[in-house]
Structures are given as C-alpha cells and as structure tokens.
Amino acid sequence: MPPVVEAIDLHRTYRTTTGTFRRRSLEVEAVRGVSFALEEGELFGLLGPNGAGKTTTIKMLITLLIPTSGQARVLGRDVVEDARWVRERIGYVFGGDRGLYERLSALDNLRYFAELYGVDPGRQRARIGELLELVGLQGREKERVEGYSRGMRQRLHIARGLLHDPPVIFLDEPTIGVDPVGARELRKTIFGLKEAGKTVLLTTHYMFEADALCDRIAVVTRGKIVAAGTPRDLKDQVSDGVVVEIEVYGIENGKVESLRGIDGVTSVAVEDRDQAQVVVVQAEAGREPTHEVLARLDGVSLGRVTTREPTLEDAYVALVTEEPVAGDG
Amino acid sequence: MAESEPAAGTRSSLRVARVLGRGFALHLKMMMRSSFDGLLGVLWPLFFATIAFLMFRAGAGGESLVFASFGAAVMGIWSSTSTSAGSAMQRERWHGTLELLVSAPVHFATVLLPVTVAMSAMGLYSMVATLLLSRFVFGVDLPFEHPVAFGFAVVATVVSIGAMGFLLAVSFVRYRTAWALGNLLEYPVWLIAGFLVPLTLLPGWVRPISWLLAPTWGVDAIRDAASGGGAWPEIALALGLGAVYLTIGIAVLETVLASARRAGSLALA
C-alpha cells in the first residue's frame with residue numbers, strides 16, 4: 001500500500017530583494033531536500049525551530065506552494081497535477097489568530113467553509129453541530145469571532161478543518177500562543193483524531209508536544225531533516241551523554257563560540273532565564289567538560305553550575321543548534 | 001449505482017449556485033456590519049454628487065440635472081467596486097483567509113465573484129442616497145417611466161460592474177499592491193463611461209473605449225428606462241460585457257493562481 005503522504009526530495013526557494021535604491025535579488029532556500037512518508041493512521045511530527053522550513057513543507061503538501069523541485073503525493077496523487085482532487089481529501093489547520101472572519105459568528109464561518117468544501121447541504125447542520133461539540137464551542141457558536149479567546153479561535157480552526165471529514169489532516173503549529181490548559185485540551189482533540197483513524201501531519205516547535213502525540217518525529221532545521229525516528233530513538237541518541245548548565249550574567253558570542261571547540265562537546269546553546277542567561281553545554285558520554293568550560297568562561301560573571309543527565313529536549317536542542325557542516329548552505 | 005452524467009452535472013451546478021449564494025450573503029453581511037464603512041459608503045459619493053449637482057445647476061440645469069442624477073447614482077456603484085475589490089483581497093490576506101479560500105476544492109472564481117458582486121451591491125446604498133439627495137435637496141424631478149426596465153437596468157449595472165471588479169480582483173490575488181490599480185481607474189471611468197459628461201463631448205478616439213465598459217451601457221439603460229426610452233438593448237449589452245469580463249477572468253485565473261503558488265505570494269500581507 002502506498003504511503004498516505006509522501007515527500008520526495010522537496011526543495012523550495014523564495015526570491016526576495018534587498019535595498020531601496022540599489023535593489024538586489026536574493027534567493028532563499030527555505031526547504032532543501034526534505035523526504036518522508038506517512039502511513040495510514042499515523043501521527044507524524046515535523047519538529048523544528050522558527051524558520052526551519054516546516055510551514056513551507058506543509059504548504060507544498062497542501063497545494064498552496066509549488067515545489068521548486070522534488071515531488072509530493074497525498075493518497076497516491078501528485079499535489080501539483082491533481083491539486084483539486086487532493087484538496088477535497090485534506091484538512092488544513094494553522095495556529096494563531098488569523099484565518100477566520102472576525103465580524104461573523106463561528107456558525108457563519110463554518111457554514112461558509114462547509115459550502116466551499118462541498119459538505120452535503122442536508123448534512124451541514126448536523127455536521128457543524130457535531131464539530132462544535134467536539135471542540136467544545138456549542139452554545140457560543142452565534143457569537144462573533146472577534147470576541148473569542150485565542151484558544152476558542154484555535155478550536156474553531158480545527159472544526160473548520162474537519163468539516164468535510166478528510167482522511168488526512170495537516171496541523172501547522174496548532175497550539176502556538178494558547179495557554180497551557182487550552183493547549184492540553186487541543187492536544188487531547190488532536191490525539192482523538194488519530195484514534196478516529198485519521199492520518200495527521202503535525203508541525204510544532206515544542207519537543208514535549210511531539211513526544212506526547214507523535215508516533216514518529218522528523219527534526220527539521222535550516223530546511224533539512226537532521227534526524228528522524230520515534231521519540232524513543234531520539235532520546236536514545238543522547239541518553240548516555242552529559243549536560244552542564246552554567247548560569248551567567250552577560251556573555252559575548254565569542255565566549256560561546258569558544259566552548260564549541262572543547263573536545264567532546266556536542267552542542268552549546270544559550271537560554272534566557274529572567275535576569276540571567278544559562279549556557280547549556282552537552283558532551284559525549286564519559287567526558288567531564290566542566291573544568292574546561294569554566295576556564296574558557298574566565299572573566300564572565302557566573303552563577304550556579306549544575307551537571308545532569310540529558311533529556312529529550314536536549315536531544316532536540318543539540319540537533320537544531322549544530323553548526324552547519326562545510327558546503328551545507 | 002453510478003450517478004448518471006446529467007444528475008452529476010445538475011449536482012455540480014447546484015453546488016456552484018450554493019457557493020455563489022452563500023459567498024454573496026456572507027460578504028454582504030460582513031460589510032454591512034461595519035457601520036463606519038457603511039457611513040463612508042453613503043457620505044463619500046454624496047460629496048461628489050453634490051459637486052456635480054452644483055456645477056450642473058450653475059450651468060445648463062433642467063434636463064442635464066436629471067442626466068447628472070442618474071450618472072452620479074451609478075458613480076457610487078462603480079466607486080464602491082473599484083476601490084473595495086482590491087482592499088477586499090488585501091483584507092483576506094491580512095485575515096489569513098486567502099490561503100484557505102485558494103486551498104478549497106472549488107474553482108476560485110466561485111469564491112471571488114460573490115465578493116465583488118457584494119461590493120457593487122453595497123453601491124446600491126449610495127445609489128439610493130444620491131437619488132434621494134437630488135430629489136429632496138436639489139429638487140430634481142426624477143422620471144421613472146418604465147419601473148420594470150429600470151429595475152432590470154439597475155440589476156444589470158450592479159452585476160456587470162461586479163464582473164468588472166472580478167476582473168480587477170484577479171490581479172489583486174497575484175500582486176499585493178494591485179489594489180492601487182482599482183483606485184487609479186476610479187475617476188477615469190467616471191469620465192469615460194459618461195456618468196457626468198455625455199459621450200458625444202469626448203474625443204472620438206475615447207468612444208470605442210467607452211463602448212467596452214459595462215458601466216457605459218448600465219448608466220445608459222438606467223437613464224433610458226427612467227425617461228421612457230427602450231432600455232433593453234443597453235441592458236443586454238451591459239450583461240453581455242459582464243459575461244465577457246467573467247470569461248476572461250476565469251480563463252486567466254488558473255494561470256494567475258499557479259503564478260502566485262510559484263511565487264509564494266498568497267500568504268504575504
């Protein structure tokens with residue numbers, strides 16, 4: 001049986017210009033050879049930081065962008081040649097405030113999109129009712145969307161994407177900006193889709209979300225997949241390493257870069273926490289980089305220093321902060 | 001059992017009709033909900049109409065005031081469509097709905113057309129306001145000799161101007177700044193379509209351009225129906241030109257959309 005969603009060496013380049021008077025044309029490679037395949041009923045996660053190429057990949061799969069090269073298929077059909085056929089069978093939901101008619105009610109929004117997606121007129125009322133119940137908006141459907149919270153809008157988005165009961169669903173950062181309780185409810189709804197037999201492609205930059213929901217994950221950074229497998233596989237990649245966290249108060253880039261040169265260090269990242277920053281240094285198993293790290297941070301105002309075992313989050317950070325190898329863009 | 005071809009065709013036509021109808025109702029509802037937009041839609045054309053009436057009253061007066069009244073009334077429909085069709089597409093971009101509309105499994109023309117026809121239907125507001133202004137403020141004795149033909153002429157004008165807006169909106173889908181084109185065309189069409197100045201006063205080379213504009217025939221039909229002339233040929237010409245605009249728009253729409261999908265310009269706000 002062919003994969004339900006298939007990306008084969010997808011590339012996408014954008015052309016942009018810089019300058020006001022002396023304009024220069026630039027080419028930005030947003031996606032650089034992405035390949036993966038989803039089986040029926042699978043919940044697959046594309047995980048990566050902002051600007052990694054996740055949304056561009058999804059937009060090629062849902063027929064909104066034409067790939068610069070490579071091929072994408074949904075349910076065995078090419079997304080460029082059979083765009084309309086594919087559109088009838090996919091649902092697309094993205095995160096954030098946009099994508100709804102604010103001056104209209106949720107019911108008006110759903111009725112309009114039900115028409116656009118060819119939901120049988122005799123079934124529309126019942127289908128909209130089912131979905132409002134599924135996303136917990138029943139009783140609020142006649143209110144204007146402009147008065148909705150971010151979480152309510154996101155749930156309405158999901159209802160809109162499911163109107164035509166598509167077998168394949170693309171969710172582009174659906175929990176972005178939603179409060180923790182709302183995000184948990186949304187994750188429950190997303191998991192419900194998988195249980196209902198839908199094939200789901202989810203993009204997120206939250207590692208824990210991908211871990212909690214996805215059967216498999218592909219980590220994307222700078223337009224390429226740098227790791228793929230089950231959450232367990234990714235955890236195994238770092239389970240025998242060591243992580244040193246050093247609290248610092250103001251650190252220059254040069255100092256951070258110097259830490260990367262320490263023998264056995266696999267990644268260095270800096271996170272902002274309140275007034276301070278935390279330098280997170282990952283090293284291979286059997287290494288103890290603390291002394292060398294502290295020596296290289298000579299002159300920097302330091303706070304607490306801790307050593308711990310790596311987590312899945314560290315695996316992700318290590319993958320997306322790795323320096324590009326020579327010739328890699 | 002397999003569906004027969006005629007049954008599938010009927011189902012498909014019904015679906016198109018429903019998408020058009022629902023889209024028209026939704027966009028009209030959305031526009032009517034902004035009282036500020038509505039107020040501007042009524043007041044803006046009234047300023048221009050007032051200037052026109054004052055000029056005509058100072059000049060020839062009499063019959064020409066009737067001519068100006070109906071011309072100014074159609075001006076509102078055209079202005080509403082030409083300037084709003086672009087901003088409507090831009091608004092879809094800002095709302096993030098343009099991509100959702102493009103990715104829906106219907107021909108995009110069935111999504112776009114109701115938006116522009118709703119815009120021109122909104123222009124009816126200003127048409128009524130302008131006619132009331134000319135009757136009750138400027139005391140123009142407006143004739144309505146053939147009310148049925150007058151009604152048809154108004155509908156034909158609204159639909160054909162909506163179709164013209166559709167043709168403009170096709171370019172707005174691809175180019176973000178094309179809304180300026182709508183603004184640019186607003187005033188020349190006032191002149192070339194003979195809203196305020198009879199076409200006979202324009203240079204000869206302008207007239208063929210006027211004949212290609214549906215509003216020229218729409219306003220002619222409205223004036224003829226009001227004054228008791230035979231408005232039906234003009235109604236047919238306005239509708240015929242509207243159909244031509246639609247055909248051209250639909251023919252280039254797929255190419256425009258493919259270009260937007262290649263350039264990645266749908267999501268740009």
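I looked up Glu173(A) and found it in the loop between strand S7 (168-172) and helix H6 (180-195) of chain A. Helices (H or I, at least four residues) and strands (E, at least two) are DSSP runs, numbered from the N terminus. This is a predicted model, where local features need pLDDT of at least 70, side-chain atom pairs count only at pLDDT 80 or more, and totals for chains, interfaces and linings use all residues. Residues are numbered from 1 along each chain as its sequence is written, while chains are lettered from A and ligands numbered from 1 in the order in which they are written.

I checked the phi of Glu173(A): it is positive, about 45 degrees, although the residue is not a glycine. Most residues other than glycine have a negative phi. Is Glu173(A) buried or exposed? Glu173(A) counts as buried, because it has 21 C-beta neighbours inside 10 Å. The cut-offs are these: buried means 20 or more other C-beta atoms within 10 Å of the residue's own, exposed means 12 or fewer, and partly exposed lies in between, with C-beta atoms placed from the backbone.

Next I took Leu75(A), in the loop between strand S4 (69-74) and strand S5 (77-78) of chain A. Its phi is near 50 degrees, a positive value in a residue other than glycine. Leu75(A) counts as partly exposed because it has 18 C-beta neighbours inside 10 Å.

**Entry: a sheet in chain A**

I traced an open sheet of 6 strands in chain A, in the order S6-S7-S8-S3-S9-S10, with mixed pairing. Two strands pair if DSSP finds at least two bridges between them. Strand S6 (90-94) and strand S10 (224-229) stand at the edges with a single partner strand each, so one side of each has no neighbour in the sheet. Neighbouring strands are turned by 15 degrees against each other on average, direction ignored.

I then followed S3 (residues 43-47) and S9 (residues 216-221) of chain A, which run parallel and are joined by 4 bridges. Which residue in S9(A) is the bridge partner of Gly45(A)? The partner is Ile217(A).

**Entry: two helices in chain B**

I compared the axes of H6(B) and H9(B), which come within 8 Å and cross at roughly 170 degrees. Axes are lines fitted to C-alpha atoms, for helices over the stretch in contact, and angles run from 0 to 180 degrees between N-to-C directions. H6(B) and H9(B) are therefore roughly antiparallel; angles over 145 degrees count as such, under 35 as roughly parallel, 65 to 115 as roughly perpendicular and the rest as oblique.

The residues of this contact divide into 15 nonpolar, 3 polar and no charged. Ala, Val, Leu, Ile, Met, Phe, Trp, Tyr, Cys and Pro count as nonpolar, Asp, Glu, Lys and Arg as charged, and the others, Gly among them, as polar.

I picked out Ala153(B), which touches, among others, Gly218(B), Ala221(B) and Ile222(B). Touching means that the C-beta atoms, placed from the backbone, lie within 7 Å.

**Entry: Asp224(B)**

I found Asp224(B) in helix H9 (residues 214-227) of chain B. Asp224(B) is buried because 22 other C-beta atoms lie within 10 Å. Its C-alpha atom is separated by 8.2 Å from that of Phe150(B), 74 residues apart along the chain.

**Entry: where the chains meet**

I looked at the contact, which takes 23 residues from chain B and 23 residues from chain A. On the side of chain B that touches chain A, H1(B) gives the most, with 7 residues.

Notes
Contact = placed C-beta atoms within 7 Å. Lists of a residue's contacts leave out its neighbours within four places in sequence.
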